[in-house]
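Let's take a walk through this structure together. Keep the sequence and the 3D view at hand as you read.

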Amino acid sequence: MASPLLVTGANGRLGRSLARAVAGRRALRALVRSERAAATLRALPEPARPEPNQVDWSDADALARAGEGCADWIHLVGILKETR
């Protein structure tokens with residue numbers, strides 16, 4: 001199997017769809033900001049359940065560590081709080 005695919009925003013609608021699409025073909029490592037987001041991912045059925053990793057987006061070293069061993073990254077983070 002290929003190296004894990006790292007996904008930011010995996011707990012959103014697009015991220016969950018991606019998890020289902022690659023289920024059984026590629027492991028997913030999901031970067032999330034909160035425990036609530038991680039719990040959303042842990043609730044997904046196998047084999048579409050990604051490995052959640054809670055990180056602080058402003059911590060470049062933590063992001064690099066979370067991505068170790070992942071050849072491909074997909075960034076799906078959307079607007080956190082829309083304002084004018």
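Which residues in α2 are buried? They are Ala37, Ala38 and Leu41, where buried means under 20% relative accessible area, exposed means over 50%, and partly exposed is in between (1.4 Å probe, protein chains only). Seen down the axis of α2, these buried residues fall within an arc of 100°, so they line one face of the helix; the arc is that of the directions from the helix axis to the C-beta atoms. The cover over the buried residues of α2 includes β2 and β3. As for the labels, helices (H or I, at least four residues) and strands (E, at least two) are DSSP runs, numbered from the N terminus.

A word on what you're looking at. This is a predicted model, in which local features need pLDDT of at least 70 and side-chain atom pairs count only at pLDDT 80 or more, while totals for chains, interfaces and linings use all residues. Residues are numbered from 1 along each chain as its sequence is written, and side-chain values use heavy atoms, with hydrogens and water left out.

Stay with α2 for a moment and find threonine 40, which sits in that helix. Threonine 40 is partly exposed, with a relative accessible area of 33%. Leaving aside neighbours within four places in sequence, threonine 40 is in contact (heavy atoms within 4.5 Å) with Asn11 and Arg16. Glycine 12 is 28 residues away from threonine 40 in sequence, and their C-alpha atoms are 9.2 Å apart in space.

Strand β2 (residues 28-32) and strand β3 (residues 51-54) run parallel, joined by four bridges; two strands pair if DSSP finds at least two bridges between them. The chain gets from β2 to β3 through helix α2 (residues 35-42), and this β-α-β crossover is right-handed. Right-handed here means that, with the strands pointing away from the viewer, the path from the first strand over the helix to the second runs clockwise.

Is arginine 29 buried or exposed? At 13% relative accessibility, arginine 29 counts as buried. A polar atom of the arginine 29 side chain lies 2.9 Å from the backbone oxygen of alanine 66. Not counting residues up to four places away in sequence, arginine 29 touches a whole list of residues, including Pro4, Val7, Asn53, Gly67 and Cys70.

Next comes helix α1 (residues 13-22), whose buried residues are Gly15, Leu18, Ala19 and Val22. Looking down the axis of α1, you'd see those residues fall within an arc of 100°, so they line one face of the helix. What covers them includes β1 (5-8), β2 and β4 (72-75). Turned away from that buried side is a face with the exposed residues Arg13 and Arg20. After α1 comes glycine 24, with a positive phi near 85°. Most residues other than glycine have a negative phi, and most peptide bonds are trans.

Over in strand β1 you'll find threonine 8, which is buried, with a relative accessible area of 6%. Its residue contacts include Leu31, Trp57 and Ile74, once residues up to four places away in sequence are set aside. The side chains of threonine 8 and histidine 75 make a polar contact of 2.7 Å. A polar contact is a pair of N or O atoms within 3.5 Å; within protein, one must be able to donate a hydrogen and the other to accept it, and residues adjacent in sequence count only if both atoms are side-chain atoms.

How many salt bridges does a search of the whole structure find? There are four, a salt bridge being a side-chain nitrogen of Lys or Arg within 4 Å of a carboxyl oxygen of Asp or Glu. One of them pairs arginine 26 with aspartate 72, with the closest N and O atoms 2.6 Å apart. Arginine 26 lies in the loop between α1 and β2 and aspartate 72 in strand β4, so the pair ties together parts that are 46 residues apart in sequence. Arginine 42 and glutamate 35 form another, at 2.1 Å between the closest N and O atoms.

Glutamate 46 and arginine 49 also meet through their side chains in a salt bridge (3.0 Å, N to O). Glutamate 46 is exposed, with a relative accessible area of 54%, whereas arginine 49 counts as partly exposed at 34%. Finally, look at the bond between glutamate 46 and proline 47: this peptide bond is cis, with omega about 0°. Proline 47 is in the loop between α2 and β3.
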